[in-house]
Amino acid sequence: MRQGRDNRTAAINFTLMTIRIVAFLCALSLGIACAAAVSADSAKRAGCTRLVLTGHPSYPPVAWAAGGTLEGAGIALVRRLAKDADIPIVVVNKGSWAAAQQAVRGGKADAIVGIYLTQERAKFLDYVRPAFAPDPSAVLVRANEHFVYKNWNSLIGKHGAVSAGEVYGARFDAFMHAKLTVRRVNGFAAVYQTIIDKEADYGLAGYYPALTGAPKGKLKIVEPNFVTEGLYLAFGKSSPCSSKLSARFSKDVARLIADGTVKRLMATALSNYLASPR
């Protein structure tokens with residue numbers, strides 16, 4: 001009888017040990033499955049699940065501030081690209097052009113629209129090519145003063161005002177650095193005011209922002225196109241959206257240029273801006 005009881009006890013102990021092993025293996029498997037699920041979820045969140053776009057807050061018709069967001073032809077273009085790619089889009093106004101660039105550089109925004117291509121910017125931006133529109137830039141002076149502009153050399157020996165964060169292409173930027181005296185101020189409104197206050201003899205700005213924003217009767221455009229650069233959409237190199245969307249957006253931009261869509265967006269945006277109360 002004792003031998004029988006010992007056998008039953010051993011069997012019970014073996015069964016309990018088996019149950020514990022099975023339970024442990026199940027828990028281990030569940031843990032691995034959960035870890036895999038968490039890892040997959042993290043990877044999904046780290047991917048391009050939405051596009052955060054920024055741009056210039058005072059550069060009509062390409063982009064302009066509308067509260068915490070932006071409006072304009074560049075914004076409308078990227079909204080269309082995002083819709084066609086079935087990717088949600090959030091448009092954010094960072095308050096200044098310099099801050100918008102820094103947001104993309106620092107990973108707080110995925111993309112920026114209406115930006116020139118420079119070697120320095122290409123270090124932290126992946127450009128969507130081609131440029132979606134040409135962008136002429138203007139020279140402004142006080143309305144009641146005689147100012148003869150013939151070429152870039154006409155600016156030598158005078159004091160200029162330029163908005164922080166603005167560039168005008170590699171050739172002119174090199175010329176400006178080497179031969180011109182310019183003061184960097186915060187935004188185009190400050191450029192205009194600096195000229196009006198006679199703290200600068202001239203100012204530089206995009207032609208369209210100058211046309212729509214410079215105070216009438218106080219300033220005039222003496223040269224509407226001292227340089228023309230292309231306007232681009234660009235992704236931050238740190239954005240996961242760059243690898244996912246760049247190639248597709250490039251093809252779509254080329255198509256929308258060719259069929260006249262971009263020109264229509266620019267014309268509509270300019271008309272809307274001029275008609276809006278400010």
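This is a short talk on a predicted model of one protein, going from the whole chain down to single residues.

Let me start with the overall numbers. The protein has 278 residues, and 42% of them count as buried. Its secondary structure comes to eight helices and 11 strands. The accessible surface is about 14700 Å², and carbon and sulfur atoms make up 57% of that. If we take the contacts with a separation of 6 or more, 69% of them join residues 24 or more positions apart.

Next, confidence, since the model is predicted. The mean pLDDT is 87, and 83% of the residues reach 70 or more. Residues 1-45 are another matter: the pLDDT there is below 50, and beyond near neighbours in sequence this stretch has one contact in the model.

Now the inside. Which residues touch the most other members of the largest nonpolar core? They are Phe 172 and Leu 204, in a core of 65 residues. The element that gives the most to this core is strand 7, residues 125-142, with seven residues. Apart from that core lies another one, of 13 residues, including Ile 112, Phe 124, Leu 125 and Tyr 232.

Back to Leu 204 for a moment. Leaving aside neighbours within four places in sequence, its contacts include Ala 138, Val 139, Leu 155, Tyr 168, Phe 188 and Phe 226. Phe 172 is also one of the contacts of Leu 204.

Three strands form an open sheet in the order 2-3-4, with antiparallel pairing. Strand 2, at 58-59, and strand 4, at 69-71, are the edges, and each pairs on one side only. Between strand 2 and strand 3, which covers residues 63-66, the antiparallel pairing runs over two bridges. Ser 58, for example, has Trp 64 in strand 3 as its bridge partner.

Is Thr 54 buried or exposed? Its relative accessible area is 0%, and the limit for buried is under 20%, so Thr 54 is buried. What does its side chain reach at 2.9 Å? The side chain of Thr 54 reaches the backbone oxygen of Val 92. Not counting residues up to four places away in sequence, Thr 54 also touches others, among them Leu 70, Lys 94, Val 104, Ile 112 and Val 113.

Note on methods:
Residues numbered from 1 in each chain as written. Predicted model: local features only at pLDDT ≥ 70, side-chain atom pairs only at ≥ 80, totals over all residues. Heavy atoms only, no water. Core = buried A, V, L, I, M, F, W, Y, C linked by side-chain atoms within 4.5 Å. Buried < 20%, exposed > 50% of the residue type's maximum accessible area, 1.4 Å probe, protein only. Helix = DSSP H or I, 4+ residues; strand = E, 2+ residues; numbered from the N terminus. Contact = heavy atoms within 4.5 Å. pLDDT = per-residue confidence, 0-100. Pairing = 2+ DSSP bridges. Polar contact = N/O pair within 3.5 Å; in protein donor to acceptor, adjacent residues only side chain to side chain. Areas by Shrake-Rupley, 256 points an atom, 1.4 Å probe, with all protein chains shown as cover.
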